[in-house]
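Subject: Structure for you to look at

Dear colleague,

Please find below the structure that I promised to hand over, together with its sequence. My notes on what was found in it follow directly after.

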Amino acid sequence: MQRNSGFLLIKCWGCGFWSDMEHVVGHLLIAELLDRYPVVYWGPESRYGGTEGINAFEHFFLPVSAYSITDLTRAGLTYFPAMWNTKPLVEENPDRYIPDQYWPIDLMGIRRPETVIVSDRHIWPTEIMRFVPPGHPAYGLNHHDMYRYIFSKYIKLQPIVQLEAEYFLKTEMQTRPIVAVHVRGGDKIFENGNLWRINALYAKEIQNYLIAHPSASIFLLTDSEDILAEYKSLYGPKIIYTDCNRTVSGGLGVHVIPSNGYRKGVEILKDTLLALQCDAFIGNAHSNVSIVIRRLKAWQDGTIRLLGEQDLTE
């Protein structure tokens, strides 16, 4: 289809890394359905190194189209919502967190005449699937397959990020098999009151894997220093982990602790990429990191387990 309907500027949601990427994926699908060129811009809203002059998205990924935010500011363009006709596109919109149940309809319901649509309100990709028409490559796909379709088409790693992950894989993860295990701590306890009960379920899952694969290693992804220490004590030299920012359980989330935003993003992305190279995965059904690991790989039956409330018994 000839793209002739203008642009969709995908501004940053401003939350955790994979929450922000969920936002991007949904809007890349919207751009396809609206026949618009997508431009992703993570400015001052981003926790991963963005400012009004720096696009943090491109710290980690290549541009998703041949256009940049500069192309969207030339004279004669019109904008939706109308506030962006007078507000610089690089600035943060503090109202983006205000719920608006009609926002998907505002974007998808009519063919807007403005040159540039600007969206920084979060939209789950599942909200967009109902608009996919027959004949589109995403029509009839489940959520996971749609996510992989968008990723494979648009999301390309910056070479330096790819190389950092590949170096760790080559130097630290040659022994096989490896089960990746993602265990949340930190601030997640405030979001999910059952976190410790869910975390207690991991031991049995790991034990079952080690019984079936006695020589296996465990690649541990965690935001908690306490959990890292616990797993090193339990599993000793079987534990593999990257050197990254962590916090104490019940403390501030890693994504909100003041530190180098670029490194935070690289560390989260690297852990995710490495988990995708493992032979099996055990994670948390309520965490975006675990969810994206589930989505980005077509795991074979029996090689993935996401634990959540549905697994708890009284």
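Asp35 counts as buried, at 4% relative accessibility, where buried means under 20% relative accessible area, exposed means over 50%, and partly exposed lies in between, with a 1.4 Å probe and protein chains only. Asp35 is placed in the loop between α1 (17–34) and β2 (37–41), and its phi is positive, about 60°, although Asp35 is not a glycine. Most residues other than glycine have a negative phi, and most peptide bonds are trans. The names of helices (H or I, at least four residues) and strands (E, at least two) refer to DSSP runs, numbered from the N terminus.

Before you read on, please keep in mind that this is a predicted model, in which local features need pLDDT of at least 70 and side-chain atom pairs count only at pLDDT 80 or more, while totals for chains, interfaces and linings use all residues. Residues are numbered from 1 along each chain as its sequence is written, and side-chain values use heavy atoms, with hydrogens and water left out.

The bond that joins Phe80 and Pro81 is cis, with omega at about -5°, and Pro81 sits in the loop between β3 (79–80) and α3. The bond from Arg176 to Pro177 is cis as well, with omega near 0°, and Pro177 belongs to the loop between α6 (159–172) and β5.

Now to the chain as a whole. The protein chain has twelve helices and nine strands. Its radius of gyration, taken over C-alpha atoms, is 21 Å, close to the 20 Å that the globule rule (2.2 Å times the number of residues to the power 0.38) gives for 314 residues, so the chain is as compact as a globular protein of that length. Along the principal axes, the C-alpha atoms fill a box of roughly 65 × 45 × 40 Å. Buried residues make up 53% of the 314 residues. If contact is taken to mean heavy atoms within 4.5 Å, then among contacts between residues at least 6 apart in sequence, 69% join residues at least 24 apart.

Helix α9 (residues 202–212) shows how burial can be arranged around a helix. Which residues of α9 are buried? They are Tyr202, Ile206, Tyr209 and Leu210. These four cover an arc of only 95° around the axis (the arc of the directions from the helix axis to the C-beta atoms), which puts them on the same side of α9. An α-helix has 3.6 residues a turn, so residues three or four places apart point the same way. On the other side of α9, Lys204, Ile211 and Ala212 are exposed. The cover over the buried residues of α9 includes β5 (178–183), α8 (195–199), β6 (217–222), α10 (225–235), β8 (280–284) and β9 (304–307).

Leaving aside residues up to four places away in sequence, Asn284 touches His182, Arg184, Leu195, Ile198, Tyr202, Ser290, Leu306 and Leu307.

Leu107, in helix α3 (residues 103–108), is likewise buried, with a relative accessible area of 0%. With residues up to four places away in sequence not counted, Leu107 touches His27, Ile30, Leu34, Phe80, Ile117, Ser119 and Ile123. Leu107 and Asn55 are 52 residues apart in sequence, and their C-alpha atoms are 24 Å apart in space.

Asn194, in the loop between α7 (188–191) and α8, counts as partly exposed at 22% relative accessibility, and, not counting residues up to four places away in sequence, Asn194 touches Glu309 and Leu312. Gly236, found in the loop between α10 and β7 (239–240), is partly exposed too, with a relative accessible area of 29%. The C-alpha atoms of Gly236 and Val292 are separated by 28 Å, and these residues are 56 apart along the chain.
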